[in-house]
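Open the model in a viewer and keep the selection tool at hand. The stops below say what to select next and what is there.

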Amino acid sequence: QVQLVESGGGLVQAGGSLRLSCAASGRTFSINLMGWFRQAPGKEREFVAAVRWFSGITSYADSLKGRFTISRDNAKNTVYLQMNSLKPEDTAVYYCAARRININDYEWWGQGTQVTVSS
């Protein structure tokens, strides 16, 4: 099992920045991919970004490229999401997730952290 704990959410004005953190614990050696998702009120959960644990290769939702950056610190078992030029439409609960190699679905999820962007 892997446990994920997000932090760093909060209230920020439009144009501001936030950095979210996701600390992994447990059987972290089994992690192959970690990702960030978000869910706004009344909307479906959507993919934000992902990073391969060992290679560091990243992927992003097209609409967020250039504003959001995902990174990881393997020594700290932590993944980060740097969010810049935030917009009110970025308001959502942000979730961290992880999965093993050759598994299609994310297996482990954090509890989420609220990000609110005021106009």
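Predicted model: local features only at pLDDT ≥ 70, side-chain atom pairs only at ≥ 80, totals over all residues.

## Starting in the sheet

Residues are numbered from 1 along each chain as its sequence is written, and side-chain values use heavy atoms, with hydrogens and water left out.

Next, select residues 18-26 and 78-83, which are strands β3 and β8. Strands here are DSSP runs of E with at least two residues, numbered from the N terminus. β3 and β8 pair in the antiparallel sense over six bridges; pairing requires that DSSP finds at least two bridges between two strands.

## Gln3 in β1

Select Gln3, which is found in strand β1. Is Gln3 buried or partly exposed? Its relative accessibility is 38%, so Gln3 counts as partly exposed. The classes are buried under 20% relative accessible area, exposed over 50% and partly exposed in between, with a 1.4 Å probe and protein chains only.

Not counting residues up to four places away in sequence, Gln3 touches Ala23, Ala24, Ser25 and Gly26; contact means heavy atoms within 4.5 Å. For a distance label, pick Gln3 and Thr28: they are 25 residues apart in sequence and 8.6 Å apart in space, C-alpha to C-alpha.

Move to Arg38 in strand β4 (residues 33-39). Arg38 counts as buried because its relative accessibility is 7%. Show the side chains: Arg38 has a polar contact of 2.5 Å with Glu46 and another of 2.9 Å with Tyr94. A polar contact is a pair of N or O atoms within 3.5 Å; within protein, one must be able to donate a hydrogen and the other to accept it, and residues adjacent in sequence count only if both atoms are side-chain atoms.

Leaving aside neighbours within four places in sequence, the contacts of Arg38 include Asp90. Select Asp90 last, in the loop between β8 and β9 (92-99). At 0% relative accessibility, Asp90 is buried. Its side chain makes a polar contact of 2.8 Å with the side chain of Arg67.

Definitions and conventions. Helix = DSSP H or I, 4+ residues; strand = E, 2+ residues; numbered from the N terminus.
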